[in-house]
Each structure stands twice: as C-alpha cells, then as structure tokens.
Amino acid sequence: MIKLENIYKSFGDLEVLKGINLEVQEGEVVCVIGPSGSGKSTMLRCMNQLETITDGKIYIDNNLVSFVKKGKDQLNLHEREAIKLRTNLGMVFQRFNLFPHLTVLENLTIAPQLVKGEKPEEIKDRALDLLKRVGLQDKKDEYPTKLSGGQQQRVAIARALAMNPSIMLFDEPTSALDPELVGEVLEVMKKLADEGMTMVVVTHEMGFAREVGTRVIFMDEGQIVEEGDPEVIFTAPQAERTKSFLNKIL
Ligand code: ADP
Ligand code: MG
C-alpha cells in the first residue's frame, strides 16, 4: 500500500533520511522505534507529502506520488494529482491539533466537507458512528478544550478516520499524554488494528509494538538499521545499535 524506494531527505546541509526502503502491505501494523532525532517523524511526513523528498520514490497503492523538488517551480498537473492521493493517508500527531473553535462533531465533518465536497448530512452519520467507535458519542457537542488529552487524541483519531483513509499514520500519539490517559488511546488503536486497518505507528510504547505490531522497524541516524517480527526484535536483536537502544529503554 505504501512503498518507499531509496528515500533521501535533507534540510539544508543536514541529511536526515539516508536511503530508506520500506514496503507496507495491506493490514500490516508497522511500528517504528528509534532514538530521538533519527528521522522517524520526517519519514512519516514524507509519506504524507508534508515534506518534499530530496531523492527517491514514494508509491501509494502503486501510484507514484512523490516528486523531487526543483527549486521554486510550480507543480505540474501530475504532481498536483499526486498530492491529492495524500487523502488516502490519515495522520495523527503527538499534539492533537483539533480545531478549538469547532465542536467535536464539527472537527470530524469539516475536512470531508471542505476537501471532498461531501454534504453535511452525508458525513454526519459516519462521524457519529466514528465517535461511537472511539467511545465519545456523548461528547459530540463539546468543544475540545473541555476534553481530557486522551479524549482529544481519540477525537483526532476519529477525525482522521472520517476521511476514509486506507492507511493510518501515527506519530507518537501518546507521548504528550499523562500516563493514566495513554491506555485509552492505545486501546482505540489496537481496536483499529484488529479491524484490519493498515497502520504505521511511531511509538515509544514497546508493549504496544510487541503486542499489536506485525513488524517493528528500528531507525537510527536516518536509516533503517533492523526490522522484523516484534518478538524477534525485542528478544533477539541482531544489530549492536538496536541492542544498545533497547537496553536503554527496556
Ligand atoms: P525523530 O522523529 O526520530 O525524533 P525527526 O524526523 O523529527 O526525528 O528529526 C530528524 C532530524 O531532522 C533532527 O535532527 C531534526 O532536528 C531535523 N529536522 C526535522 N525537521 C526539520 C526541519 N523542518 N528543518 C530542519 N531540520 C529538521
Ligand atoms: Mg518525532
């Protein structure tokens, strides 16, 4: 569903991604771990076209969606079409980024209306159903500031799902939460995985990676150092860098 082919990304002189190759199949839950600054967020942002890559190719559902930036050139037609494919990817960030002036329900319905031109009546039922799935149907008319961090993050997940993405990307979705609120968010993510959603999850929650992940990727210094079955990565990592990272955090 996603294929990254030899992806390079630099910010000025700083090379952050150094030849990333990664394929994600339908129904996989790929958990990405690695030290801070290793390029995990940048990789997700490149997948989602929030960053333009410096070199390489990105395919979504076999469509080439990436292009290498050439100065300040206008995007051509293919490039503009490619960018539209980003709506196939839902993204959930560390900070929930809900729209504070909109109710919970409106947070879910706004993007389908504005981006996809759906009618409010059409999307409302789906939005209510999603709120039910994340256990927040009774909060539909609240404003985000009235909710706990965990509830806000569950709304953010429902909001991403409201666009009917075929892949969900999560960038440390529980890192900004008080410890007692982490579980409810992981529970929603686990349910989503059980329902067969294809997911790429950057996380420090090793328990989640081990239990829910179908594959774990260890990144360091802009490269994928090691990947494999969660059980194998956590109990018998091969690379020295993976071992020393896991020793520090486990
Ligand atoms: P991680 O998510 O693994 O902690 P990031 O992808 O956020 O790592 O960052 C990797 C490196 O890229 C870091 O050195 C970071 O400072 C740098 N970086 C990330 N985004 C930018 C940016 N927009 N401009 C300049 N440097 C950036
Ligand atoms: Mg990050």
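Strand E9, residues 215-220, pairs with E10 in the antiparallel sense over five bridges. Two strands pair if DSSP finds at least two bridges between them. Helices (H or I, at least four residues) and strands (E, at least two) are DSSP runs, numbered from the N terminus. Phe 218 stands opposite Glu 226 in E10.

This is a predicted model, where local features need pLDDT of at least 70 and side-chain atom pairs count only at pLDDT 80 or more, while totals for chains, interfaces and linings use all residues. Residues are numbered from 1 along each chain as its sequence is written, chains are lettered from A and ligands numbered from 1 in the order in which they are written, and side-chain values use heavy atoms, leaving out hydrogens and water.

Now the whole sheet. It is open, with six strands in the order E6-E7-E8-E3-E9-E10 and mixed pairing. E6 (89-92) and E10 (223-228) are at the edges with a single partner strand each, so one side of each has no neighbour in the sheet. From one strand to the next, the twist averages 20°; angles run from 0 to 180 degrees between N-to-C directions, and axes are lines fitted to C-alpha atoms, for helices over the stretch in contact.

Next, the helices. H3 (residues 104-116) and H5 (residues 149-161) pack at about 25°, axes 8 Å apart. That makes H3 roughly parallel to H5, a label for angles under 35 degrees. In H3, Val 104, Asn 107 and Leu 108 meet Val 155, Ala 158 and Arg 159 of H5, contact being heavy atoms within 4.5 Å.

Notes:
Angles under 35 degrees count as roughly parallel, over 145 as roughly antiparallel, 65 to 115 as roughly perpendicular and the rest as oblique.
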